[in-house]
Amino acid sequence: MAQTTLPASQVKRPVFSGLGKWVGVLPFFLFAILFLILPSMRLFVGSFTDDHGQFTLNNVIQIFTQSSILRAYVLSIEISAVTALGGGIIGFLLAYSVTVGGLPKPLRSILVTFSGVASNFAGVPLAFAFIATLGRTGFISVLFKNLFHWNIYDHGFNLYGFVGLSLTYMYFQFPLMVLIMAPALDGLKREWREAAENLGANNMQYWLRVAMPILLPSLLGSIILLFGNAFGAYATAYALTGGALPIITIQIGAQIRGDVLHNPGLGYAMAMGMVFIMTISLAGYSWLQGRTERWLR
Amino acid sequence: MSEELPYGWLQFARNRFKRQQKPRGEKRKTPVWSWVWYILGVLYFVLPLLATFEFSLRMKRGVYSLAAYKAAFADPAFLQAFGYSLTLAAITIIVSIILVVPTAYWIRLKLPQARRPVELITLLPFVIPAIILVFGLIRIYSSPIRLPFSSVVLIDALTTSRYGTIILIVAGYMVLGLPYMYRSVDTGMRTVDVRTLTEAAQSLGANWFNIMVRVILPNIRTALLSGALLTFAIVVGEVVLASYLGVPAFGPYLFLLGQHRAFEPAALTFITFLLTWAAMGIIQLVSGGQGQVSGAH
């Protein structure tokens, strides 16, 4: 008797409370739909709509055919790739130096705190800081002029161009790398090094054949994350170059201010193209991160 | 065969000996390259700050003074803009906590199957940069939203009214801070056993409001502080949402000031840096080095 009534009550209750339970997360989903999903959907639908509200693929095709847009994408990708690689390398070496590199412990917490600050120090203040450093009358520019009688601006350097913007981006790129890589380097077990040495491996062999293969997914993943980090940046570039360097975010900004492309749909498609690239880079990051975790626990 | 065994043992013993010797030997050796990387990294961190600080002191010709700081603080527009940003940050933090804490709590306690969709949503801001978010928000909320197939207005145009704009920008900032806020709250709840705490509180007769405010919130205060300070760091200098939504916040103010002044922006940049540092330093302090990573650029 008891056995026949129990399943019935068990079947009935989850159905009611199962739906009722979702009420608890309703505010969150409502917020997400209103201020995240709906705006994104608007851009997504808009990028496939022409002036008369009809479905079209022209906007997406135009991204690849209109040279100014394509150039903006390429420029953004270039600058993101350069700063991701550069920031990735510097960040890795720094993370290395405080983890397995044998520097005193306190230096690590100093570096991590500094990295937390610097990876959040972006936008207008960062641009101003670099103008004060490497601008025409900046600290380092003047220092070089006075010490070595060498004007960096006479030798092709320009803070308000590609190189300058890259150097500025690196300021928030490599700290992020430090923050991601330091825990990963901690995951390298001493036993692996000892095992390699027992088998007669030298330092170089250990790094190339043991440590690197283990770290590689994590390294690649972090660099991809840095890529996305730079790709979405807008304020820093705008404050530094005043829109002279037409990266994709700045083009989109111009499109929001006024329909400079004379085609709203094309503007939406441009935005969606960015989201597409960002999604790929984040997916790549999380996939590689998953592969890393098999080893580094 | 019989000759190989002793040799193998010898090898093993020698390696053991080497392994025991090695740490002592390594400690005495100075890790030269680690120091080189570390010092280069520190220079990259410090030089722009030093340059900004030095520049901000040069307002009076030929002598270092705090004149730029005095001038910057004396501007009533600065106080207004900065106060505005502080208020926005406070509202954003409070509403974020009200939205995120019950959601994370509910998922942990009653609705684990909602974890994946919610986590996915909290990752979305990483693939939707601020410039795209504001693009979508403006396009959705610049005209009244009607009930489909009717003229019944559900939500009036938000971008045209003062309070509407505040709702939009707070929602936008909540979206930007969402990954960090959710992550730290969720981590905080993992470390304290919310289920046991809830049951204990319930058995003492506490209602849901009391459980939330007097049991859960105090127990995750470290996580809340991290999330709040990170949100603060994002909001205070933010310029993209603020300028496109036309909000008189500190970011746009600093940007405009930079267009026609030299020394005051440098002074304010340095102040911004100190604020970011204070926020990150406190996070580092309370979370014992397990703090968050990075904000929006």
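Visitor: Which pattern of elements does chain A follow, read along the sequence?
Guide: The model is predicted, so to speak of local features requires pLDDT of at least 70 and side-chain atom pairs count only at pLDDT 80 or more, while totals for chains, interfaces and linings use all residues. Residues are numbered from 1 along each chain as its sequence is written, and chains are lettered from A and ligands numbered from 1 in the order in which they are written. Helices (H or I, at least four residues) and strands (E, at least two) are DSSP runs numbered from the N terminus, and chain A holds 13 helices and zero strands. Along the sequence, chain A accordingly reads α-α-α-α-α-α-α-α-α-α-α-α-α.

Visitor: What radius of gyration does chain A have?
Guide: The C-alpha trace of chain A spans about 95 × 70 × 30 Å along its principal axes. The radius of gyration is taken over C-alpha atoms, and the globule rule is 2.2 Å times the number of residues to the power 0.38. A compact globule of 297 residues would come out near 19 Å, but the value for chain A is 25 Å.

Visitor: Among contacts in chain B between residues at least 6 apart in sequence, what percentage join residues at least 24 apart?
Guide: Two residues are in contact if their C-beta atoms, placed from the backbone, lie within 7 Å. With the separation in sequence set to at least 6, the share of contacts in chain A that join residues at least 24 apart is 75%. For chain B, which has 13 helices and two strands, the corresponding share is 71%.

Visitor: How many of the residues of helix α6 (residues 124–134) of chain A are buried?
Guide: A residue is buried if 20 or more other C-beta atoms lie within 10 Å of its own, exposed if 12 or fewer, and partly exposed in between, with C-beta atoms placed from the backbone. Among the elements covering the buried residues of α6(A) are α7 (139–148) and α8 (162–186) of chain A, together with α2 (32–56) and α13 (263–287) of chain B. The helix is largely enclosed by the rest of the structure, because the buried count is 11 of the 11 residues.

Visitor: How many charged residues are on the side of chain A that touches chain B?
Guide: The contact between the chains takes 69 residues from chain A and 72 residues from chain B, and on the chain A side the largest share, 11 residues, comes from helix α2 (residues 26–46) of chain A. As classes, Ala, Val, Leu, Ile, Met, Phe, Trp, Tyr, Cys and Pro count as nonpolar, Asp, Glu, Lys and Arg as charged, and the others, Gly among them, as polar. By that division, the side of chain A that touches chain B has 46 nonpolar and 20 polar residues, and the number of charged ones is three.

Visitor: At what angle do helix α3 (residues 58–65) of chain A and helix α13 (residues 264–293) of chain A pack?
Guide: Axes are lines fitted to C-alpha atoms, for helices over the stretch in contact, and angles run from 0 to 180 degrees between N-to-C directions. Angles under 35 degrees count as roughly parallel, over 145 as roughly antiparallel, 65 to 115 as roughly perpendicular and the rest as oblique. The axes of α3(A) and α13(A) are 9 Å apart, and the helices pack at an angle of about 70°, which is why they are described as roughly perpendicular.

Visitor: Which residues of α8(B) does α4(B) meet?
Guide: Helix α4 (residues 76–109) of chain B and helix α8 (residues 194–203) of chain B pack at about 95°, with their axes 10 Å apart, and are therefore roughly perpendicular to each other. By class, their contact has three nonpolar, one polar and two charged residues. From α4(B) come Tyr105(B), Arg108(B) and Leu109(B), and the residues of α8(B) that they meet are Val194(B), Arg195(B) and Thr198(B).

Visitor: By what distance are the C-alpha atoms of Thr231(B) and Leu176(B) separated?
Guide: Thr231(B) lies in helix α10 (residues 221–236) of chain B and is buried, with 26 other C-beta atoms within 10 Å. Leaving out residues up to four places away in sequence, Thr231(B) touches residues including Ala89(B), Gly177(B) and Met181(B). Although Thr231(B) and Leu176(B) are 55 residues apart along the chain, their C-alpha atoms are separated by 8.1 Å.

Visitor: What value is phi of His149(A) near?
Guide: Most residues other than glycine have a negative phi. His149(A) is found in the loop between α7 and α8 of chain A and counts as exposed, with 7 C-beta neighbours inside 10 Å. Its phi is positive, in a residue other than glycine, and is near 50°.
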